[in-house]
Structures are given as structure tokens and as C-alpha cells.
There are 2 protein chains.
Amino acid sequence: MEEPTGRLTPKKVAVVGGGLVGALNACYFAKRGFDVEVFETREDIRQAKVVKGRSINLALSHRGRQALKHVGMEDKIVSQGIPMHARMIHSPSGKQSPIPYGKKGQFILSVDRANLNKELLTEAETYPNMKMNFDHKLKDWSPETGLMTFTRLDGSHDQIQADLIVGCDGAFSAIRKQFLRRSRFNYSQTYIPHGYMELTMPPVNGEFAMKPNYLHIWPRNTFMMIALPNLDKTFTCTLFMPFDEFEKITTGDEVMEFFQEYFADTIPLIGVDALKRDYFRLPGLAMVSIKCSPYHIGDKCVLMGDAAHAVVPFYGQGMNAGFEDCIVFDEIMEQLNEDFSAVLPEYSRVRVPDDHAIADLAMYNYIEMRAHVNSKWFLFRKHLDNFLHFLLPNTIVPLYTMVTFTRTRYHKAVDRWQWQDKVINRGLLFGATGAVLGGSYLLIKNPPDINKLIIPTEKMWARLMSLWTS
Amino acid sequence: MEEPTGRLTPKKVAVVGGGLVGALNACYFAKRGFDVEVFETREDIRQAKVVKGRSINLALSHRGRQALKHVGMEDKIVSQGIPMHARMIHSPSGKQSPIPYGKKGQFILSVDRANLNKELLTEAETYPNMKMNFDHKLKDWSPETGLMTFTRLDGSHDQIQADLIVGCDGAFSAIRKQFLRRSRFNYSQTYIPHGYMELTMPPVNGEFAMKPNYLHIWPRNTFMMIALPNLDKTFTCTLFMPFDEFEKITTGDEVMEFFQEYFADTIPLIGVDALKRDYFRLPGLAMVSIKCSPYHIGDKCVLMGDAAHAVVPFYGQGMNAGFEDCIVFDEIMEQLNEDFSAVLPEYSRVRVPDDHAIADLAMYNYIEMRAHVNSKWFLFRKHLDNFLHFLLPNTIVPLYTMVTFTRTRYHKAVDRWQWQDKVINRGLLFGATGAVLGGSYLLIKNPPDINKLIIPTEKMWARLMSLWTS
């Protein structure tokens, strides 16, 4: 940790939620010298026997790393993660093909959610101006006075008053409920028709059962499975599928039939008994996309992380966006001398369009990952984009690169992507027109052997035609 | 009233909310012979001295009338309304031009909200199988058991158990809160940047100050005013304007300056003193658009009216859509023998797309009414659409007509409108192309007098060009 900056009368900041974004945010506020208290509903995760809930591994990328770096934690967390340099696409026949995430040397990291949370809490506790309160469930609070009431498992109450309340209490935020009661608060929650289910692929002879430095994907159009490596040499496989498909499978034999048809290569690796058992351990779990605005009430309360913008997990940006919130808020505090009455509206103004953009992108990737990855056109465009990025590194930057390996504002990345896409498609169109004209000339000059012709498929024509309208 | 159908053990239906949709729905359920209780938070509006809240007049059209007709109330309510056959557009210079709503004889009705509500409550009370409970504020309820707890002003509690709970408790529904706590409930609330303010235009010498059988509109692009006639010969003027514009005006003189510039013709009619005073009586009030799905939980609870789909007021369909909910639900009860476990999911399936469509249309009209009405192209298209409807009454039906004067499902109306629009635009394009070719031929044959040429404006060209891309 670093020394907090001196201050005569430190303001009190209450961080509600001791999850990933809450714990990191606590470090940010403590580093600035505020008098910080964290309030978490559950017991201390470091003493908990069973950690319930959310998926166990996450993809850490540039934005998240930059946020950790600011509080001196990047190296430690990176050393505990497993680099993934590429997606590894598994075809139904079992063939594996890698698609790199970016340039050589660029990678994302598979990190363990529980471990990261523990590390962040322990780091936060090294600040002397920090107090952790577990078993504190928010009962009520006032946006006018900053007074908060918490209840504890033994039935007792705890009251505190804060100058700033930071709601980092996740997608089902208790803090946000108070926002919903106020006029002119925009809010949406959208559940997707897919659920998810986690299965474990154990090590084989003490080693990873598949190549570890990849994010494995089995795209199957309406559904898909992915697998991320863990430090204990297991993989966590996550099956994404419409709820009604999950419900169609009711017996162990039906599980096997389903896996045999779509994920045959994983059966020997997960194991028949484990599959038949684990598929029925939990039902498919729901995924929600949440957007709202503004993120603040007056000069006393602000929402950050999933409480402000839960996203579906298909761009691997949920945690990274939440961590970046901490940097953005910190930068604005710096600019505006920690005057909350100016900082809070500015934070809403700056951050809302970016969070909405990543929520939309994650929704878009929800289709791209499971369906487009199977299309030749998609792979062609991925390779073309990477090639153009190599030729013109400052002009053409693939969207995935902007989102994952830079801190380009999310909404600017989307704007630029749409512009690039237009330019590239126009280029392809001119190229194709030129090729047709040149080809025709050559054909007339040298009539071809009909048996050697490649006839364009209907799909290829449709694609080409769609260039005209895009 | 009509006789309820006989039944051995009538099921208990609790209608939460005694506003327009709640009171009408109570009649529908009572007519079917259910044991109905209505629970309303406020006191009985028929005994209240001051009726607070919502705007005082509403536009009743076909869907609402059909719903009233089913319980024998259409004629009575229509006789208490004022027909409006056309919009009356007021230009900044004070010029007035009517745009009819439909064919000759078609009109919408300006009705008084409070009076309509009173009539509906009184009608509901004529059913013997009906009990009204005022001063009953919903405290808690269970979607599993149908058990509900209400609190009263004197602090006492009331508990009842219902077989079906019908949430008609408006845009800020207490019933809906329970839906929000459940997984896979989609919800959005969107506030528009405009607020509204009501001003009264008194009678002049005991008569309406303007022509009464019109909905008067002062479209001013970023803002607008409308006026609806009341039975007491006043007009209620509603000013719609962005909140920050409302806030810019802080003195009586600034009000006058603003009205002088934009609504000069209304100043003598509203009165200088009234304007300076009433503008500051209340701040601009917020408008929200609410969408959600599904509308039911299990076989015990369903949302209807604004609780399910609050819309912005720019299509005049809020009440009409809510009233139509009652017919649609009734039709499904008829089809499925009042088996709530089948009726409720079917109602969600059928009604959600229509309510979402009208919410979107109202949002669309929010721009059309204040801005497009000023455009020559818009007026040209309105007149062309009406003309084509006259020529081909079954092929081309203007969107406004489908929404306002038929019971065409809202989402089907939108689909058809998009199809028609394409067809008409294509027709205009071919027509324009033909005219250019024909014109060129004539020009060559008979060179014109240059002084008599009409030069198309830039805007006209842009419009014509846009036909190519639409």
C-alpha cells in the first residue's frame, strides 16, 4: 500500500458491497485519505467454507489490469492468472482451430473470482483509514442525509452516517432500489433467453486435459460451451443454452445423447459419471443485462460496477468495466478537487454512454460467439481486420482489440468500429467489382476448363450483395 | 348493469387500484360472476374535495369505446365528451390550419378523467358481487398464496386472500415491485427529457375561447403546446418542453416574453395575469414510458393498464390501451374457460407485443407532433395517405386510423404501416422518375420561360434522394 494523502478532516466514504468492485474501490478511496468503511451482507469470504453464487473464473484484460496497477496490485494478480492468447474453436467433429485475440504477445487472463476477491479485501485492510464490516445487510438509507441502517444476523442494528455512499452491491443492488423510487431515473433489466451451467473438467495425469493457454469455445449456433483454465489444472466448462433446451434434458441418458451429438470430444475429458451427475446439480442460471442513468443522487450517493451496469458475460468485460469505473471516478475526483457535488454529475455524464456501449456490445457478442464464429465470412473478416491492423496499425484497429487491449472509451470504440466497417466493406466492394471486370476480361481472352471452376455458393452471393446495402 | 352468470363457487378476484382501468376491469370481472373486491389507496374520488395528480383530460377513441360498450357504458361516456374531428395547427404567426384525424365523421373525444373515473366506480358498484375498499394501501402480498395485506390511515390492517390479483395500480404500481424481485422479469422505465405543465384557458363571454371541436396544437420543434376542450367551456392547455427550458424561465416577465415569441395568439385568451401566476404554480412534471414482460406470475397475479405499460401521452392511447387490456383478457378468459393457469400465460403472450408497439409509437409521435407537423413533406404525406385510403380503403390505411379508429392489433398496425410506407415511397419514386423523363421530353420540345420555373428547394431534393435509400 501507499501512504494516504494528509487531510485535516477526512470525509467519510461508505462502500456498500465487499465484492470485486467494492473491495477495489475501497482501496482507491483509502489511498486518497478518506475515512472508508466497507459494508458487506455476507460473512468474510476469507473465512467462508462454501462460496456460493457467481461463476468461478473471469477474464482479466487491460482495463482491469490498469485499475489494479493504480493500487499496486497488477503484478500479484497477473502472476496468479493463466494467460489465454487465443480462442480455440472446437468443431462438432472435434477439430480444433485457434483464433488469436490480438497481436503476438497480447493475451487475456483467466483469474479465480474468489481468490481475487480475497486478495483485494486483504489489500484494502492494509490501509489504516479503512474499516471492514461483514454480516451487515443494508436495511435503509437516506440520499439526503447519508444516514444508513444495517441489520445483522443476531438481529442487532448498526447506524452510520457517510458523506458519500458508494453502491457496489452488484446486479441486484439494494442501494439502487432507492434510485428506482425517484423521478427521472431511467432503468432497464433484460433477461436473455439463455441460461448457463458450469461443469468441471478434471486434470489428466496431473496435467490440463486440453491446451491451457486458450479460451476453448464450442460454438453450436443456438447454444455453445466455453472452457477456461484454472490454477489447479482443471477447466471450468460453461454451457450456455436456451432455458427450454435445458429443460428438455431430463435423464442421464439424454445428457449423454446431447453431449455425444454436440460436444463429443469433451465426454472422455469431463467423464461420463460426472456429466450425468453434475448436469442435474443445479438448473440453468439466468443472465441479465442492466442499464440505468444517472448513476448518482445529489452529492451523497453513486452506483458503480454491476449495480450500475450488469452485462451479459459474452465480451469478458463485466469485471473490467467495473474496475475501470474506479479509475474514471478517481480521475474525476482529481480534476474536481473531490467536490462531490461536481464529481457525481460529471461521473454520470462521462460514464453512462460507455457503460451502455459495453452492455450493448456484450449483447451483440452473445450472438457472434455462438453463431458467427462458425461462418467462413466471419473468420475471413477477423483475419482481414487483423491483417489490416498489421498494415495500418493506427487506422484500422479491430473492435476486440480496442475493447480488450486499450482504454479507448467503449462508446468511442463502437463509433470507430462502425466507421472502419464501412470503409472496409466499401474497399471489398471495389475490390470485388475490379476482380469481376478483370476476371471477365481474362475469361474472354482465355476460356477456362469448366471442370476447374469454383462456383460461388448462394451464401457467398448473399454476402456480396449485402455489401451494396451496408 | 347485466346479470352475472351463475356459478357454484365463484372465485375471488382482487383488483388493486380503483383508477380508470381498475374500475372498468372490476365491471368486467363482476359481469362474469366472480366475487370481486377493489382496493384503492386513496379515499373515494367521488367524496374527495381536491383531486390531485394526473392531467385532467384524455382522448377517448375506438378501443376505449369498444371496451366501455361491453359493459354498457359507451353511450353515457360519449355523451359527456366533446368530439374532436381534427387537429388544429397554430402557426407562430397565429394562422390556424386543420388536419382531420380520419374520414368524415371520424373523431376522438375529449373526456374528463375525474368524471370518467367516478362514472366507472358508480357502475361497478351496481353489481351485487362487488365490494369497494378505499383507504387500502397495499403493504405486502404473496404470488404463491394470493394473500394480501393492506394498511389503512388509522393504522389498522386488513388481510384478504384472492384466487386472482389484478394489478391496475398505475405507472408506479406496488404490485409490480414483487415482479421486479423475481428472476427473468424484463423491465424498463424511460423518462423523456420533456416535462409538462397545464394551464387553463377560460371561456370568453360564456363560450369556448377557440373552436371547440379540435385538438389544438402549437408545434414548435423542440417543444409544443396542445389544448383540449372541457365541458365547462374552458380549454386545458398543456405545454410540453425540455426540463432545462422550463427552468430557464424564472420571472413573470420571462413567461410573457416566451409566450409572446411562441404562443402569442394564446396570451389574450389565457390572460396575462393567469399566465404569470399559473406558470409557477407547479414545476414541469415528468413523463415516463414503462415496458415489461411477462405480465403474470403463476396463476395468481396479472398486471394491466399503466402498471404493465405506461406510455408517453403523444398518441392519445394510454387509457385506450388500458381499456383494451380488459377486452383482451376477457376474450382469453372466454376461450380458455376462465382457467387462470392457462389464461395468464396466454394473456402475456398475446398482449406484450401490442403494448410494446404502442409504447414505441407514442415515443415516435413525441417527435412527430412537435416537429414533423411543421414540415411540408409530412403534411403532403398525411394528405397523400388519406387520399390513397379514400381510393383503396382496404389496401392503404393510415397508421393513425388503424391505431385510433380500429382494433387492429397495435403490432400488426405497425407492421402494416411499414409495408405501406415502402410501397408508397416506391410509388412516389417511380412517379418522380416518370415525371422527370416526361418533363425532360416536354422541355426539349417546348423550351420554357425561365421566369416561370419552380426551382426545387434543397430540402425537397434531400427528401427525394432519401426515397432511394428507404
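**View 1. Y364(B) and its edge-to-face partner W417(B) in the predicted model.** With 34% relative accessibility Y364(B) is classed as partly exposed, whereas W417(B), at 18%, is classed as buried (buried is under 20% relative accessible area, exposed over 50%, partly exposed in between, with a 1.4 Å probe and protein chains only). The ring centres of Y364(B) and W417(B) are 5.3 Å apart and the planes meet at 65°, so the pair is edge-to-face (rings of Phe, Tyr and Trp, the last by its six-membered ring, pair if their centres lie within 6.5 Å; planes under 30 degrees apart are stacked, over 60 edge-to-face and the rest tilted). Because Y364(B) belongs to helix α12 (residues 340-370) and W417(B) to helix α15 (residues 410-445) of chain B, the pair ties together parts 53 residues apart in sequence (helices are DSSP runs of H or I, at least four residues).

**View 2. Q420(B) in helix α15 of chain B.** Q420(B) counts as buried at 3% relative accessibility, and among the residues that it touches are T395(B), I396(B) and M402(B), leaving aside those up to four places away in sequence (contact means heavy atoms within 4.5 Å).

**View 3. An aromatic cluster in chain A.** Ring pairs join F29(A), F34(A), Y295(A), F329(A), F340(A) and Y347(A), while the search of the whole structure gives 53 aromatic pairs over all chains.

**Notes.** This is a predicted model in which local features need pLDDT of at least 70 and side-chain atom pairs pLDDT 80 or more, whereas totals for chains, interfaces and linings use all residues. Residues are numbered from 1 along each chain as its sequence is written, chains are lettered from A and ligands numbered from 1 in the order written, and side-chain values use heavy atoms, without hydrogens and water.

Conventions
Helix = DSSP H or I, 4+ residues; strand = E, 2+ residues; numbered from the N terminus.
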